[in-house]
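Work through the exercises below with the model open. Each task is followed by a stepwise solution.

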There are 2 protein chains.
Amino acid sequence: MPRGAAVPQHWKAFASRRRDPASKREAVLKTAAQLFLEKSYGRTTLDDVAERLNVTKPALYHYFHNKEEILLGCYRWGTGLIEESLNEIAGHCGAGLEKVAAFIYSYANVMTVNFGRCVMRLDEGDLSSKGLAEVRAYKRKIDRRLRLFIQEGMDDGSIAPCDPKIAAFAIAGALNWICMWYEPEGALSPEEIASQFAETLTGGLAAKKRDRSQGASALKLDSSSQGDPRRGGRAETR
Amino acid sequence: MPRGAAVPQHWKAFASRRRDPASKREAVLKTAAQLFLEKSYGRTTLDDVAERLNVTKPALYHYFHNKEEILLGCYRWGTGLIEESLNEIAGHCGAGLEKVAAFIYSYANVMTVNFGRCVMRLDEGDLSSKGLAEVRAYKRKIDRRLRLFIQEGMDDGSIAPCDPKIAAFAIAGALNWICMWYEPEGALSPEEIASQFAETLTGGLAAKKRDRSQGASALKLDSSSQGDPRRGGRAETR
DNA sequence: TTGCTATCTTACCTATGGGTAAGATATCGT
DNA sequence: ACGATATCTTACCCATAGGTAAGATAGCAA
């Protein structure tokens, strides 16, 4: 029932010779991302990537200067996805707690998409100093936003007093770790994970009184971008 | 003021030739663990390890059959540490929530020790299928225990109803991620992290009414093994 | 002093995999 | 039909790093 489990579905972007290079670049990145997640960057050879695309290694060098550029391409695509969802949140809803809940829900979803997983799962040590700086800058940006939401919530009273730095580490950790155990064909759907995480984690931040229905209510906002996020295929709209 | 930052403090276990092999094996593992965390297993060469110990590569083969055995040694030491702290918890205290809090506190501390960090930070893909099975079995064991504590808490009413599987993933994720950002010379001390995490995360599980002083109170139990856990030197008592 | 043995070194082998050079071929415009 | 050009392949180079062989040396026993 789920598509493309056994069949490599090797994006036959390389079937015909004349075809826009953009879609071939894309095919390389998707294939590489999948392999990087399966076997890690270090153990994935360019021959592996080429094989899945039914071409030979040197063909890849028409679209990327070297292996690291492919890796960086995956990182960039992933951070692009994160950026998108963060921007969505920035505007709507009011209280800090609600923003944190929205952040968690949205971010958790990204962590179930291959490119999103790459950002947090792959080893930064494989990047050159230049690429590393770029990725690090991005991660800092995400972290700052989350801390800001938490601080906001503490100020407006929706979040109990705590150290925003450590609280952000706890939340981000729980979310980032998703990309380590999530598998597309697994029992848990992205939305299940996302909503449960939002509930469990914000519950820890919610101010004492009442049960923690607050955190859960904030989720309804993101249900718009739901559609069928069950598969990691189209989510890479970039 | 903190010892051994710049000075390699390369455990001079290899200074004299006649010296118990056990301490040399240990020195190799400690050096390797540090390097694995600095540069990853794949990028750490046996020459690197040998250099820090002031010996040459072939000398290492007197204590380990191959590179993977060194890796496995790090994993085993780390899982040993986790086992220890889990056993401590198993006995004492009563309510499920308190056990979870104790688990978090204890586990967070282990994640700041080099060997503990290795268990969750290093790439399982570098293990042989045999080694992988061993490590996986251990991780499953940890996961089962945590889920059990959560289930226990739901039964005794100390934890709000939730999916134990996902809740465990959230908690374990936050904890496991510590080994990705923690640095011994950093601003946050292990106890700070551990206690804050216990508070923040259990708050999310605590049943509605009252503020969440419950989770924090459960911590006092583990303060016994405090001493000066600020440095990762002696903590490897195994 | 004279071996004896565990320990360690120098020198080497070899597989792997990123990257390149140079030539083949498909597809297009004309 | 016929080049022109981007695209792709075959064949190769070579640096890296795990692992080994064989010989040196330190420390002990006698």
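**Exercise 1. Which residues in helix 8 of chain A meet which residues in helix 8 of chain B?**

Numbering first: residues count from 1 along each chain as its sequence is written, and chains are lettered from A and ligands numbered from 1 in the order in which they are written. This is a predicted model, where local features need pLDDT of at least 70, side-chain atom pairs count only at pLDDT 80 or more, and totals for chains, interfaces and linings use all residues.

Step 1. Find the helices. Helices (H or I, at least four residues) are DSSP runs, numbered from the N terminus. Helix 8 spans residues 164-176 in chain A and in chain B.

Step 2. List the contacts (C-beta atoms, placed from the backbone, within 7 Å). A170(A), G173(A) and A174(A) meet A170(B), G173(B) and A174(B).

Step 3. Sort them by class. Four are nonpolar, two polar and none charged. Here Ala, Val, Leu, Ile, Met, Phe, Trp, Tyr, Cys and Pro count as nonpolar, Asp, Glu, Lys and Arg as charged, and the others, Gly among them, as polar.

**Exercise 2. Describe how the two copies of helix 8 cross.**

Step 1. Take the axes, lines fitted to C-alpha atoms over the stretch in contact, with angles from 0 to 180 degrees between N-to-C directions. They come within 7 Å and cross at roughly 115°.

Step 2. Name the angle. The helices are therefore roughly perpendicular (65 to 115 degrees).

**Exercise 3. Build up the contact of chain A with chain B.**

Step 1. Count. Each chain, A and B, gives 28 residues.

Step 2. Assign elements. On chain A, helix 1 (21-43), helix 8, helix 9 (178-181) and helix 10 (190-203) give two or more residues each. Helix 8 gives the most, with seven.

Step 3. Classify. The side of chain A has 12 nonpolar, nine polar and seven charged residues.

**Exercise 4. Which residues are closest to DNA strand D?**

Step 1. Collect the residues near the strand (C-beta atom, placed from the backbone, within 6 Å of it). There are 19; T56(A), P58(A), A59(A), T45(B) and N66(B) are the closest.

Methods:
Parallel < 35°, antiparallel > 145°, perpendicular 65-115°, else oblique. Contact = placed C-beta atoms within 7 Å.
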